Amino acid sequence: MVEARARHRLGTSRLLGSLLLVAAAGLCTVGVLPASAQPGPGTRAATPLDSIVPAPASVTPGGTGYEITEGTGIRVHTDTGKHHKTKGHKGRGGHKGHADGDADAAREVERIADYLAGVLRPSTGFPLPVTGAAGDDGIRLELVPGETGLGTEGYRLASDAHAVTITAAAPGGLFHGVQTLRQLLPAAVEESTVQPGPWRIAGGTLEDSPRFAYRGAMLDVSRHFFSVDQVKRFIDELALYKINELHLHLSDDQGWRIAVDSWPRLATYGGSTEVGGGKGGYYTKAQYTDLVAYAASRYVEVVPEIDMPGHTNAALASYAELNCDGVAPPLYTGTEVGFSSLCAPKQVTYDFLSDVLSELAALTPGRYLHIGGDEAHSTSHDDYVSLMDRAQPMVTAHGKTVLAWHQLTGAHPVPGAVAQYWGYDATGAQERQQVVDAARNGTRIVLSPADRAYLDMKYTQDTPLGQDWAGLVEVRRSYDWDPGTYLAGVPEDAVLGVEAPLWTETITDSADIDYMAFPRLPGIAELGWSPASTHDWEGYRARLAAQGPRMTALGIDFYRSPQVDWPE
């Protein structure tokens, strides 16, 4: 990995600079490529519309596509014709009037346009002003709330000689459409210096919307701590592939990573170390709020996890009263699991959980709070059930949805709870059946099978990072499974989605994250987004190979799997 880190271009990465809220410099004449300048023989062909990752739902190629030139502008339009246009007021419930809502939507469309301009300007060298002026040319972002069939995340992209138009019913769809537009342009568009072009988009129409609502990745910041900037970099990588959930594993035996006012030693003492004895760290409330807002600007929802009743040594070391014997253990910097437990019979345990979950819920606008629940080997079954049954109402009391590892199904999942399945081929039939029974009774499932989706599993025995307890997970194995049929007996409509966890016992920096996450993460993203009918390894490996130059341009030094024919 020394060579990999030497090649890693974190300092020049475009990922953290892609949201450039640059004010549009007045109106412009939006340019159309003249007929005399249309692509001729020997020029670089445009990327086919169906070559992106994740695979789009439907593509109709045809006609002359659009080319971005120095005269191109980015037009924004919000169709509010179906909304009441008189000034509304905020009632006692805080609801905005139609005009206020329309103004918010218009500002968000403009922000997405500014984001797109920030991606395109450095590499093209073009001014690409953002304008609200009417016109049927240029790059056009159209928000049409009444558009049917697209949902809150779907979009339509149409390209012809005059314009490339992205249409969506909600801003999130426009943002996802922008990610598709990036992939339809040459990989050099991701560079931070001016590149030669040309910048052509193939002709035709692409319509797209996700198969599953939940498409996630997890970053374990407890085993090793990662800075705000490192997490933001990861968020940008997720957004490129339309991943919409970032699960942050904020507490474990080796470190507590979020400030809690009512229990301050959790962060200052419990967060003071990490695997191997490093200095650790934690997020202040302001830093966490900043991370959540940054993720939201990329249409990624943060799912915070406080693990319980096991994986709690950092908390037990910070406060002696949380231990059944009243004696605080030393801080832990190893990698063993299953030895720690909150004290289920003590009332202080529930005071502690109530305080922590209350403060975390107040900081987190997202829908979910993850309460762990895995590998509680030092907790008796009765104590486990008692604690998880008492913790769940603490989550729902704050209007949040309970998310927990699939061992929650051994207790009593509350209505609406989500169980995250991390089992693998060696998982026993009884444990699998417990999850199936819960799904049939209304518990939704997020699939993270360890021998398919765990990003910390080694690719091969020679992989310098990671572990192999669930097996070796090459790129094809990571991709070649169907979430809709993976757990026999679980109906597809009970599957909320997929998540790719990255545990960090051996992961210490962004170069390590990139090497283990890529190129497997785009495949998990495709399993969550694309229709089952598009699932084909041979087709996918060709599309993935085309992502190689783009990842390189973004400073992602990925694993060059021999299963994929990467371009030279």
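Which helix gives the most to the lining of the second largest cavity? The legends below take this up along with other close-ups. The model is predicted, so local features need pLDDT of at least 70 and side-chain atom pairs count only at pLDDT 80 or more, while totals for chains, interfaces and linings use all residues. Residues are numbered from 1 along each chain as its sequence is written, and side-chain values use heavy atoms, with hydrogens and water left out.

**View A. The second largest cavity and its lining.** Helix 8 gives the most here, with four residues (helices are DSSP runs of H or I of at least four residues, strands runs of E of at least two, numbered from the N terminus). The lining consists of Ile258, Ala259, Val260, Ile306, Val356, Glu359, Leu360 and Leu363. Seven of these count as nonpolar, none as polar and one as charged (Ala, Val, Leu, Ile, Met, Phe, Trp, Tyr, Cys and Pro are nonpolar; Asp, Glu, Lys and Arg charged; the others, Gly among them, polar). The space inside is about 30 Å³. A cavity is a set of points on a 1 Å grid over the protein atoms alone where a 1.4 Å probe fits but cannot get out, and lining residues have an atom within 4 Å of a point.

**View B. The disulfide of Cys324 and Cys343.** Here is the one disulfide found in the whole structure, with sulfur atoms 2.0 Å apart (the cut-off is within 2.5 Å). The link is right-handed, with 105 degrees about the S-S bond. Both cysteines lie in the loop between helix 7 (313–318) and helix 8 (347–363), so the pair ties together parts that are 19 residues apart in sequence. Cys324 counts as exposed at 55% relative accessibility, whereas Cys343 counts as buried at 3% (buried is under 20% relative accessible area, exposed over 50%, partly exposed in between, with a 1.4 Å probe and protein chains only).

**View C. Tyr421 with Tyr486, and Tyr424 with Trp469.** Tyr421 and Tyr486 form a tilted pair, 6.4 Å centre to centre with 55 degrees between the planes. Tyr421 is in strand 17 and Tyr486 in the loop between helix 12 and strand 19, 65 residues apart, and both are buried. Tyr424 and Trp469 pair edge-to-face, at 5.4 Å and 75 degrees. Ring centres of Phe, Tyr and Trp (its six-membered ring) must lie within 6.5 Å to pair; planes under 30 degrees apart are stacked, over 60 edge-to-face and the rest tilted. Trp469 is partly exposed, at 37%.

Key:
1 Å grid on protein atoms, 1.4 Å probe; cavity = no way out; pocket = protein on both sides within 12 Å on 5 of 7 lines; lining within 4 Å. Points joined across faces, edges and corners; volume = space filled by probe spheres on them.
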